[in-house]
Amino acid sequence: MDANPLIKEQEMFEDVRKWHRKILNGYWIVVLISLVAEIVALIIKMKLEPEDVQYFLIHKLVIPTCVQVTLVTANELMERYYKKSYPLLIILTGTLIGAVLIYGNMRVIGIQYVMMIPMLVAAFHFTKKYLTFAFLMVIAELAIMYLLFPLIWNHMTIFERFALFYILSGEYLILIQLLHRGNDLLERLIRTSRSERDLLINNTIMERLSKTDALTNLYNHRTFQEYLDHVIELCETNKMPLQIAIIDIDNFKSINDTYGHAVGDIILKRVAGILQQSLTSNEIIARYGGEEFAILFPEKTLDQAFDICERARESICLLNHMEMEDRRVTVSIGLSGYECGMGKSRFFNEADSLLYQAKKEGKNKTVYQQDKELSGLLDI
């Protein structure tokens, strides 16, 4: 019973890992772009301000790059060796990378807006708490950097500082609304999917009900006729052997009259079950009507079909029914083989005629084609 929840949990975990993998790849790209930009800046610095090269190399290139690589590598180790994904760590890594970029490019106008990235990363998780965590971390880190590195803010007016806060807050609110919209669409998609699934299930059930008999769960009269048309066509085309058996419960009216229709239904279900158990997957069995059943035997000889019918008849005859004071029930069977050009009506009527003969000869027996031919010869 717990298999489905476990499967769903595993699928969700794999989905989160997939997105974390893409985010980490994005972080590596940011680190690489930052490294390339700093190398270009170093080359320019070597030509224009050679006296500042050592400071630039250490504080603007080596230290920021090492910190960024360490942060992303820590996430890689957690991902690969612990086989787990930590959304809060991924988000925190994004804020720290942003802080490092700001530190390494203090004089670049608008570099503070790099702090928008962690909130975008958090939005990938479609969870409000992660987005709120990212927003609070961004504001906290900017405040800390404001206190520790005033130089970062020297080129910004008080208006621009408030504008940065308002823009970050606005991004947070917009992303919150996007999450709500995404969740609404997801719920609508789930409802639509469930409706389509329910419709498919209902259609399947209705199709099954239209093909089967509600009491015995066997094919019904109409479905049997459809299969009969199909197998006769195969028989005519491929010279496939085909036999048909018509089975009738003996004295069934007296069962209903004596013990009631409820007991009659139990007997019908029980006989249908024995017949079905006696067959292989190749045979087609149906409740043809009332207490009558019909079986098609594709690719079986008349003798093979006769043996199956006899085993089923004997099994039914040997069964005591406590609903009928441990009395037994018997069946009579007419069995006929198809001959090319015979046609459906003649084929079925032949078996029905043999069933009538079995009834006349004392019931509880299987009469098949050869028996009828032999009986005709004896009459002559």
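A salt bridge here is a side-chain nitrogen of Lys or Arg within 4 Å of a carboxyl oxygen of Asp or Glu.

This is a predicted model: local features need pLDDT of at least 70, side-chain atom pairs count only at pLDDT 80 or more, and totals for chains, interfaces and linings use all residues. Residues are numbered from 1 along each chain as its sequence is written, and side-chain values use heavy atoms, with hydrogens and water left out.

**Salt bridges**
- The whole structure holds 14 salt bridges.
- Glu226 and Arg222 both sit in helix 7, four residues apart, about one turn of the helix. Helices (H or I, at least four residues) and strands (E, at least two) are DSSP runs, numbered from the N terminus.
- Glu49 pairs with Lys45 at 2.7 Å, N to O. Glu49 is partly exposed, at 31% relative accessible area.
- Glu361 pairs with Lys365, also with an N to O distance of 2.7 Å. Glu361 is partly exposed at 41%, and Lys365 is partly exposed at 27%.
- Asp248, Asp250 and Lys359 are linked in a salt-bridge network.

**Nonpolar surface patch**
- Leu32, Val36, Val40, Ile44 and Leu48 form a nonpolar surface patch, with about 480 Å² of accessible area together.
- Patch residues have over 30% relative accessible area and no salt bridge; like charges are joined within 9 Å, nonpolar side chains (Val, Leu, Ile, Met, Phe, Trp, Tyr) within 5 Å.
- Areas come from the Shrake-Rupley method with a 1.4 Å probe; for residues, only the protein chains shown count as cover.
- Val40 lies in helix 1 (residues 3–48). Val40 is partly exposed, at 45%.

**Positive phi**
- Most residues other than glycine have a negative phi.
- Lys239 has a positive phi of about 55°. Lys239 lies in the loop between helix 7 (221–238) and strand 1 (242–249), and is exposed at 60% relative accessibility.
- Glu299 has a positive phi near 60°. Glu299 lies in the loop between strand 3 (292–298) and helix 10 (302–317), and is exposed at 57%.

**Leu173**
- Leu173 lies in helix 6 (residues 158–211) and counts as exposed, at 53% relative accessibility.
- Leu173 and Leu131 are 42 residues apart in sequence and 9.8 Å apart in space, C-alpha to C-alpha.

Methods
Buried means under 20% relative accessible area, exposed over 50%, partly exposed in between (1.4 Å probe, protein chains only).
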